[in-house]
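Okay, thanks everyone, I'll keep this short. I'd like to walk you through the pockets and then a few aromatic contacts.

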Amino acid sequence: SLLAAASQTATSIDTFINTNLNAVRVEAILPGLSQYLQLSQVERRSRNPEEVIASTTLLSLSRKDAVNIISYALLDLRGKNILDTYTPGIGSDESQRDYFIQPLKTGYPYASAMRLSNRVPGQVTLYFSSPVRDATGKILGVLRLCYNATGIQ
């Protein structure tokens, strides 16, 4: 009985992770995200239609699970957070994070290990990320999802 319960729990967690990896992969191909990442740094400084579309897209994605999704962000090729639904995160350097490095290295979506949040004491988070590509397949940046791991319960 205990083995069956453990097996069911493992299957549920695997399904959750695979579902989110697939979702972030599909979300990363939304055209508004790649169009914004293709703008130069100078163009990103002024409010423009591409930013409005990318911001609206991230906000819409974050509303899929308003309880457990902490934030969605776009990271440029240097790991700089250039657009985030958690606005205090914009401008931060995430270049040394596994969820940034691995999608660039492998070209595939990535799920991080669970870790304590830097923002909220005691909160455990999980990151899902995927490369964002242009129409030719060139990687432009990374779409990153920060998820409240208590949602896995």
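First, what I mean by a pocket: on a 1 Å grid over the protein atoms alone, it's an open set of points where a 1.4 Å probe fits, with protein on both sides within 12 Å along at least five of seven lines, and lining residues have an atom within 4 Å of a point. This is a predicted model, so local features need pLDDT of at least 70, side-chain atom pairs count only at pLDDT 80 or more, and totals for chains, interfaces and linings use all residues. Residues are numbered from 1 along each chain as its sequence is written, and side-chain values use heavy atoms, with hydrogens and water left out.

On confidence: pLDDT is the predictor's own score for each residue, from 0 to 100. The protein averages 91, and 99% of the residues score at least 70.

So, which residues lie nearest the centre of the largest pocket? Those are Glu94, Arg97, Asn118, Arg119 and Tyr127, out of 17 lining residues. The volume is about 220 Å³, meaning the space filled by probe spheres set on the grid points, which are joined across faces, edges and corners. Strands β5 (124-133) and β6 (139-148) each supply at least two lining residues; helices (H or I, at least four residues) and strands (E, at least two) are DSSP runs, numbered from the N terminus.

The second largest pocket has a volume of about 190 Å³. It's lined by 13 residues, and closest to its centre are Gln41, Arg44, Arg45, Lys80 and Ile82. Here α3 (41-45) and β2 (81-84) are the elements giving two or more residues. A word of care: α3 has the lowest mean pLDDT of the elements, 83, while α5 has the highest, 97.

Now the aromatics. Rings of Phe, Tyr and Trp (its six-membered ring) pair if their centres lie within 6.5 Å; planes under 30 degrees apart are stacked, over 60 edge-to-face, the rest tilted. That gives 4 aromatic pairs. Tyr99 and Tyr127 are a stacked one, 4.3 Å centre to centre with 15 degrees between the planes. Tyr99 sits in helix α5 (residues 98-106) and Tyr127 in strand β5, 28 residues apart.

Are those two buried or exposed? Buried means under 20% relative accessible area, exposed over 50%, partly exposed in between (1.4 Å probe, protein chains only). Tyr99 counts as buried because its relative accessibility is 2%, and Tyr127 is buried too, at 10%.

Finally, Phe16, Phe128 and Tyr147 form one aromatic cluster.
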